[in-house]
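Me: I am new to this structure and would like a close look at one part of it, the contact between domains. Please begin with whatever term I need and then lead me through that part and its surroundings in one connected account.

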Amino acid sequence: MSGGGPLSEQPVTSMAAKDDAVVITGVGCNSPLGDTKAAICRGLERSRHGFRMKVVKRNSGAPLRRSAGWVRCGWSPGMPLLLQCASRSALFAYQAAQRAIQDARIQLDRGNRSRYAVVLGTCFGSIESVHRFDAEALRDGTRYVNPLLFPNTVINAPAGYLAACLKLRGANVTLSTGLSSGLSAVAYGQELLQTDQADVVLAGGYDELSPLLLSITSEHKLLRPETVRVAIPRPLDHERKGWVLGEGAAVFVLERRPRAYRRGGRIAAEIHAIGRRSPTEQNANGLNGAVEEALADWRTQKAGRLAVFLGANGSQRDDADEAMAIERVFKESVDVTAPKSFFGESGGANALGMAIATWALQDGFIPPTLGFRRAEKPWQLNIVNTFIRARLRGVLVNSADPWGEHVSLLLGNSR
Amino acid sequence: MSRVVVTGLGCLTPIGANPNALWDSLMAGKSGASRVASFDCRDINRNVGCEIKTWKPKSTASRQQHASGNGDRATELAFYAAQQALTDADIIPDDHREMAVCVGTTMGEAYNGVNSRDVWVPVGRRRPASNSFFGVRMNHLAWEVAQRLGAEGPNLTIPTACAAGNYAIGYGARLITSGKIRLAVAGGADAFSRIAFMGFARLQAMSPDVCRPFDRNRQGLLVGEGSAFLVLEDEERARRRNARIYAEILGCGLSCDGFHITSPHPRGLGAALAIKRVLKEASLGNDDVDYISAHGTGTQANDRIETIAVKRVFGARASRIPISSIKALLGHAMGAASAIEAVLSCLTILHRTVPPTWNYTEPDPDCDLDYVPNQPRKLRAVDVVLSNSFAFGGNNACLAVGRYRNSR
C-alpha cells in the first residue's frame, strides 16, 4: 500500500489488464426455485416461481399471512458436525459454496488453502439468531441460554463456519451494502484477486427469512399486502404493490483467467466491469453513475447484444427510478428483465440474479419478468415477459438500493 | 500505486471523547471499567463493563439537521467519531462527496435495537419501533454516516466482529491505492450491548472485575463500547492541501484460522499468517517493527495464542519488540476495538511513546514477551507499528502503520 515509499518496492498490480481478467469458474445456489442449475432454469423457462404462502407469528402473537420465497434447508448427517448448531444462513452459504466448488471442479485438498478467500454479503445478517438468543434468555433466564447459539448472533458467523468447514485460511470477509450486498461481495472478491491477495475467491450473498423479518418489513409497508392466494412481486408492472421477501444464497468461484486456464477450469463468464455509487439525497443520479461506470468499456467496443437484469423488486418508487436510470443511460431500447420476480428480495437475491445471468450467457436465454403485463409509463425499455432464447454477449446485473449502495456489474462471455 | 496517509483522527471511548483525551487517560492509567448501568445484570453472573457514561447521542438534533436520522446508539457513536476525524483533518463538507465510508462493526444496530427498545421480543409491544427496519439492515451504520456526510463514494459496513475496524481501514486504504477514490473515512463502532454481555458471560470469557491482558491471573475480557475513525487520503491530495499527516497506512494483512467459530487455532496459524501478509505487503522485515499493538483481550486462549503467533513470525526477535494491550483500560469495544487501536498506533508514532499493558502483575509462562507492564515507555523512535486484531469466525486482520516520510 505504500507504493513509492522507502518501505515498499512492490510491483504495481494492473487493475485492468484484460488477459488477467477475473472470471467465474463455478456457480452454486440455494434458492426458492431449487438448488441446481437445471432446476432453476426449468423454473425460469416454465415461468414457475418459488413463492409459498405461510402463516407466521407477529411479535404480538397475532398471525401474519405472507407469501415469501422460503427454502427447505436444515442440517443433515452428511454435513460437517461444526454446522449442527449453525443458523440457516450458514447452511445456505455452506451448501451454495460446496456446489460452486463442485461446479468449478476444484480439488480443495490439492490447493493452497491459505490462498482461498471467502467474501460474503448479507443485508439482514443474523437478525433471526439475535432474536432467538434473546428470546431464549428472556424466557429461560440469562444463566440458562444456550451458549452455542451466541456465535450465530455475530454477523460474520456464516463466512466463519464456511472457512472452518473447508479449512480455508485466506481472507475471510463479510460485508453489507444492503440489498446490493451479494454484488458488492463479488466486487470485493474481484479486488482481492486483482491485488493478488488470493488465488481463488468464494464470493456471493445470502440471507435467511424469519417471522421477525416478515413482521418488521410488513409493519413498514414494504411488502405486498396480504392476499388469499400466493402473491408474486410483479416488478415494473403498473399494479406492483411492494416486495415479496425471499431467502437463499448464491456463491461464485472467482479466479484470474490465467490460473483458470492453467488448471483446466471451465470459464462460465467474465467480470468486465463493476460500477458502484452511494445514493445520497443530493445524488439522485447515483444509479446512472454506477451503470455508466460498468458500461464504459462496453460502449467503446460496441460489443454485441446486451441484456439488463434489473434489481427491481416490486417497489413502487425504486422500480420506476431504476427503469428511468436505465432508460437515461441507454437512450435506446434494451432488453430488461427482473429475476427477483421468481424468488423475491433479500441480500443474496442479486447474487442469485447474477447466477442466472451467468447461465443466460452460457446457454443463451433471457428469463421473463414474472407477472409483468404493462408499465405505468411508456419507458424505452423492452421488458421481457416471456422466456426467450437469445445469444448474448453481455449481461448487466443491476442492484439499486436507496438505503445501501447502487452496484452495476457487467458480465461478458468468456473469450 | 498511491500512498495512503492518515490526516484526521476521531474517537469516542469510555476514557476519552477525542484522541488526545484518550491518550492522556491511557498514559495515566485511567480505567473505563465500572458497574454496568445501562441494563440490569442481576441475572447475569457478571456486572462490570466499560460503558461511555458521559456522552449522550444528540439524535434529536441530528434528525432535524439531516434528511435521514434513523440512527440508534451505534450509529450516533460512528457519526460522532467520523465527524470528529473529518474536522481534525480539516476536510470541508464540499469534499465529502468524493469520499468513501467504510465502517467496521460486530453487530451494528442489531443488538442495540433489542437492548433499548425490546423490538424483537414479545414483551407486549405490538408494533416495531419506527427505526426497527434500519436496525435489521446490517449496512445501516455506513449508509447513515454516508448520508449525513453527503458522501457519494462506496459505502459499506464490514461486520467482521472484533477485527472489523482493521478490515474497514484496510479496505478504505485499498480503495485509495487502487485509484478508485482519493479520500475515505474508515473505522469502527459498536454500542454496549446486553446480548454481547450475556453471550460472553455464558461463554465464560468475561472477567468479574478487571481485564488483565497477558497476566497469569487473567480471567477474561470486559465488554466495552466506542467508535474511532481515520481520515485516509491519497498522499498527493494531502500534500496539495498542506494537510497535517499523522502517519501512513503501510498495509493490511487478512487471513482466517479456518479452524473453529469461536476458538483460535491452537498453533496460531491464522494469526501468524495475517502478520506475515502485512509484513510482505508493506515490504517490511522483522527488524523494522518497533511496536505491536496487541489484540490482547485478556482471555486465556487469545493471549496465549497471540503470543505464539508473534513468536512464530518474529522468532528470537519477538521478545525484544514491545507489545501491549490497551483493553486493560478500555475493555473490548468489539468492532470498534481495532479502529481505536489504529488511532492509538498513529499517536504512538507521534509521541514516540508506547502505551503500557495496565493491570499486569504476574507473568504467565505461556505469555513470555515484553508486554510493557504498567508504565508508558518512551522510545527513541517508533517508525512502524503493527496492530493485531483477531475475531470470531477466525477472522484475522493485521494493520501496519508507519511514520510518514516524504518521498520527494
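Reply: Helices and strands are here DSSP runs, a helix having at least four residues and a strand at least two, and they are numbered from the N terminus. With that in hand, please keep in mind that the model is predicted.

In chain A the domain assignment gives domain 1, residues 22–262, and domain 2, residues 273–412, and their centres, taken over C-alpha atoms, are 21 Å apart. Where they touch, 56 residues of domain 1 of chain A are in contact with 50 residues of domain 2 of chain A. On the side of domain 1 of chain A, two or more residues each come from strand 1 (22–30), helix 1 (37–45), helix 6 (181–194), strand 6 (200–207) and strand 7 (248–256) of chain A. Helix 6 of chain A gives the most to this side, with 7 residues, and by class the side has 26 nonpolar, 21 polar and 9 charged residues.

Some of these strands also belong to a sheet of chain A, an open one of 11 strands with mixed pairing, in the order 5-4-6-7-1-8-15-14-9-10-12. Strand 5 (172–175) and strand 12 (382–383) of chain A stand at the edges with a single partner strand each, so one side of each has no neighbour in the sheet. The partner of strand 5 of chain A is strand 4 (residues 116–121) of chain A, which runs parallel to it and is joined to it by 4 bridges; here A:Val119 stands opposite A:Val173. Helix 12 (residues 349–363) of chain A lies across several strands, among them strand 1, strand 6 and strand 7 of chain A, and runs at about 170° to strand 14 (394–399) of chain A.

One loop residue of chain A deserves a look as well: A:Arg234 sits between helix 7 (211–219) and strand 7 of chain A, and its phi is near 55°, a positive value in a residue other than glycine. A:Arg234 counts as buried because it has 24 C-beta neighbours inside 10 Å, and 20 or more are needed for that.

Turning to chain B, domain 1 covers 4–240 and domain 2 covers 251–402, and the C-alpha centres of these two domains of chain B lie 21 Å apart. Here 59 residues of domain 1 of chain B are in contact with 51 residues of domain 2 of chain B. On the side of domain 1 of chain B, helix 7 (164–177) and strand 6 (183–190) of chain B are among the elements that give two or more residues, and helix 7 of chain B gives the largest share, 8 residues. That side has 32 nonpolar, 20 polar and 7 charged residues.

Finally, B:Asn242 lies in the loop between helix 9 (235–240) and strand 8 (247–256) of chain B and has a positive phi of about 55° although it is not a glycine; B:Asn242 counts as exposed because it has 8 C-beta neighbours inside 10 Å.

Methods: Residues are numbered from 1 along each chain as its sequence is written. Chains are lettered from A and ligands numbered from 1 in the order in which they are written. This is a predicted model: local features need pLDDT of at least 70, side-chain atom pairs count only at pLDDT 80 or more; totals for chains, interfaces and linings use all residues. Domain bounds come from an automatic or database domain assignment. Two residues are in contact if their C-beta atoms, placed from the backbone, lie within 7 Å. Ala, Val, Leu, Ile, Met, Phe, Trp, Tyr, Cys and Pro count as nonpolar, Asp, Glu, Lys and Arg as charged, and the others, Gly among them, as polar. Two strands pair if DSSP finds at least two bridges between them. Axes are lines fitted to C-alpha atoms, for helices over the stretch in contact, and angles run from 0 to 180 degrees between N-to-C directions. A residue is buried if 20 or more other C-beta atoms lie within 10 Å of its own, exposed if 12 or fewer, and partly exposed in between; C-beta atoms are placed from the backbone.
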